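Subject: Structure for your files

Hello,

Here is the structure I promised to pass on. My notes on one helix and on the salt bridges follow it.

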Amino acid sequence: MEIVHVSNLQKAYGAHKVLRGIDFKAQAGEIIGVIGKNGAGKSTFLEILMTLKSYDEGNVLLFDKELRTLSYSGLENVRKDISAVLQPTQFYKTLKVAELLKLFKTYYKSPVDIEQIIIDFKLQPHRKKYFDKLSGGWKQIVSLAIAFLSEPKMLILDEPTTGLDPHMRNMLWMYISEYNKRTGGTVILTTHNMDEVELYCDKVMLLNDGVNEVFDTTQGILSSGYKSINDFYLSKVSI
């Protein structure tokens with residue numbers, strides 16, 4: 001099932017063209033890494049998929065619905081199937097972890113059992129801690145747990161493991177992969193960690209100056225003669 005279908009997507013801020021004709025497709029169950037230098041257009045692309053930004057030209061279909069044609073209520077219905085974890089993550093400083101989960105369960109009108117989420121994400125030792133007092137890694141894991149409360153069809157992650165130590169990075173990816181297997185949901189993420197792309201992503205889109213220069217499976221890229229996704233990236237992006 002096709003979750004996202006983007007064709008000739010263009011976006012400019014004044015005279016500066018940030019996206020210059022992006023074509024992109026995502027199927028249910030895929031994990032897709034969006035890579036490129038800072039300023040390549042990655043964040044703008046994700047913000048359009050999250051329905052946070054408009055676009056100038058092209059077509060963006062989410063769940064077979066063209067965003068440009070939707071009413072406000074139609075957009076709200078699409079947003080119910082999308083969750084995101086962005087950088088930096090900030091929540092109410094005066095709320096504890098369990099309180100945050102309960103609050104967002106109410107927002108999402110979610111049927112998901114909070115206690116099961118706490119067990120699944122190994123949050124028992126942290127349930128009574130204030131979110132603001134958690135380490136960066138545990139903040140990201142709580143943010144991911146909150147994102148799962150809505151049982152999204154599409155999960156968008158903006159550099160989810162930035163600043164995390166190897167142990168926390170591994171834990172976060174374990175949860176992302178488990179979500180992907182259990183729900184068949186689509187994960188679209190940006191990252192500068194090419195080893196993560198190689199290990200976990202089904203497909204890779206390389207954005208270079210607002211153009212998707214390469215969009216292929218990780219296996220397809222590696223079979224083209226590159227030793228690693230990092231070698232591929234460095235060969236395509238000028239310093």
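Which residue just after α3 takes a positive phi? That residue is Lys109, with a phi of about 55 degrees.

Before the rest, the ground rules. This is a predicted model, in which local features need pLDDT of at least 70 and side-chain atom pairs count only at pLDDT 80 or more, while totals for chains, interfaces and linings use all residues. Residues are numbered from 1 along each chain as its sequence is written, and side-chain values use heavy atoms, with hydrogens and water left out. Helices (H or I, at least four residues) and strands (E, at least two) are DSSP runs, numbered from the N terminus.

Helix α3

Helix α3 covers residues 97–108, which is 12 residues. From first C-alpha to last it reaches 17 Å, close to the 16 Å expected at 1.5 Å a residue; the expected span is 1.5 Å times one less than the number of residues. Its buried residues (under 20% relative accessible area, 1.4 Å probe, protein chains only) are Val97, Ala98, Leu100, Leu101 and Phe104. They lie on the same side of α3, because the arc they cover around the axis is only 155 degrees, taken from the directions from the helix axis to the C-beta atoms. Helices α4 (114–120) and α5 (136–148) are among what covers these buried residues, with contact meaning heavy atoms within 4.5 Å.

Salt bridges

A salt bridge here is a side-chain nitrogen of Lys or Arg within 4 Å of a carboxyl oxygen of Asp or Glu. By this rule there are nine.

Asp209 and Arg20 pair at 3.2 Å, N to O. Asp209 is in the loop between β9 (203–208) and β10 (211–217) and Arg20 is in strand β2 (residues 16–27), so the bridge ties together parts 189 residues apart in sequence. Arg20 is partly exposed, at 38% relative accessibility; partly exposed means between the buried limit and the exposed one, which is over 50%.

Glu115 and Arg127 pair at 2.9 Å, N to O.

In helix α6 (residues 166–183), Arg182 and Glu178 are four residues apart, about one helical turn. Their closest N and O atoms are 3.8 Å apart. Glu178 is partly exposed, at 39%.

Finally, salt bridges with shared partners join Arg169, Asp195 and Glu196 into one network.

Regards
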